[in-house]
Every structure is written in structure tokens, then in C-alpha cells.
Amino acid sequence: MIENALGGDDEGGEAAVRQVAEPLSRLDQIRARPGGRLTLKIVVGVLGAALVVAGLIMVPFPGPGWLVVFAGLAVLATEFPWAHRLLGFAKRTVTAATGWLKRQNWFVRVVAALLTAALAAAIVWLSLKLTMGVDLIEEARRLLG
């Protein structure tokens, strides 16, 4: 049994040794300072929100949109309980959907992949048409005709 700094070996002494043996994490050190907790919440909130918004903007386009959204939620979850619950819900939902799709036959998987690709293509086409005035279908017709 480990003895604490005062020479005792009771249960409270072990807890005191654990507190001394395990230094505070960097985030706990920041939280312990006056104003540190609020500053940390603001910084984590801004950074996490920026990642979530950037990820949501990237979702319809090829790339890591959902990964960035989940990374933003993970950052927010370090300081906000609601984000921790939302991240847990998202993990359970994605795991359940992936598990369901894995149990389906090849036809259902192919149809799901085609629908996903068609939806992504429609979003990219519409985004380019509305924001830049570029109609990919017209451009393709012009190049082919």
C-alpha cells in the first residue's frame, strides 16, 4: 500500500497521493485560473463552431465534410455537455445505419450508392449554378455538341 506524504496509509491518504502523483492536465490548469474557464469555453466554442460550419459547407461536395463536422463536435464536447450528447447520438446513428447497410444484399447496397452519388451530383450542380452561374449540363452539351 502506498503511504501519503504525511505518513498515513488510510483511504484518504491514497487519494491524496493520487492527486499529487497525477499532475493537472493543461486544460485543468487553464480552468483553475481566474477567467480561464470562460476563456477556454469561448475559444473551444468558436473553434468547434467554425469546424462544424465548415464541415457542413463541405458535406455536399467530395471530401471530408462529415469528418470535419464530427471533429468540430468532438472539440465542442470537451467543454459542452450538449455537444457530448449530440456526438454520442451521431456515433450511434452512423453505426446503426452502417450496420443496417452491411446486412443488406448487393442490390440494396448498389441502389444506396447510386442514390447517394446522384444526390451529391445534384447538390454540386445546383450549388455551382446558383453561386457561380455555371451550368455543368449546358457546359457538357456545348463540349459534346
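This is a predicted model: local features need pLDDT of at least 70, side-chain atom pairs count only at pLDDT 80 or more; totals for chains, interfaces and linings use all residues.
Residues are numbered from 1 along each chain as its sequence is written, and side-chain values use heavy atoms, with hydrogens and water left out.

View 1. Helices (H or I, at least four residues) and strands (E, at least two) are DSSP runs, numbered from the N terminus. Of the 145 residues, 19% count as buried; buried means under 20% relative accessible area, exposed over 50%, and partly exposed in between (1.4 Å probe, protein chains only). Take the contacts between residues at least 6 apart in sequence: 32% of them join residues at least 24 apart, where contact means heavy atoms within 4.5 Å.

**View 2. Here helix H5 packs with helix H6.** H5 covers residues 81-103 and H6 covers residues 106-132. Two packed helices are described by the angle between their axes and the distance between the axes. For this pair the angle is about 130° and the axes are 8 Å apart; axes are lines fitted to C-alpha atoms, for helices over the stretch in contact, and angles run from 0 to 180 degrees between N-to-C directions. The two helices are therefore oblique to each other (under 35 degrees counts as roughly parallel, over 145 as roughly antiparallel, 65 to 115 as roughly perpendicular and the rest as oblique). On the H5 side, Trp100, Leu101, Lys102 and Arg103 meet Val108, Arg109 and Ala112 of H6. These contact residues divide into four nonpolar, no polar and three charged (Ala, Val, Leu, Ile, Met, Phe, Trp, Tyr, Cys and Pro count as nonpolar, Asp, Glu, Lys and Arg as charged, and the others, Gly among them, as polar).

**View 3. Aromatic rings come together in three pairs.** Rings of Phe, Tyr and Trp (its six-membered ring) pair if their centres lie within 6.5 Å, and planes under 30 degrees apart count as stacked, over 60 as edge-to-face and the rest as tilted. One of the pairs, Phe80 with Trp82, is tilted, at 6.0 Å centre to centre and 35° between the planes. Phe80 is buried at 18% relative accessible area, whereas Trp82 is partly exposed at 45%. Trp106 and Phe107 form an edge-to-face pair, with 6.1 Å centre to centre and 90° between the planes. Both Trp106 and Phe107 are exposed.

**View 4. Glu79 sits in the loop between helix H4 (65-77) and H5.** Leaving aside residues up to four places away in sequence, Glu79 touches Arg31, Leu40, Lys41 and Val44.

**View 5. Leu67 lies in helix H4.** Leu67 is exposed, with a relative accessible area of 60%. Its C-alpha atom is separated by 9.8 Å from that of Leu56, 11 residues apart along the chain.

**View 6. Trp125 lies in helix H6.** Trp125 is partly exposed, with a relative accessible area of 25%. Not counting residues up to four places away in sequence, Trp125 touches Val134, Asp135, Leu136 and Ile137.
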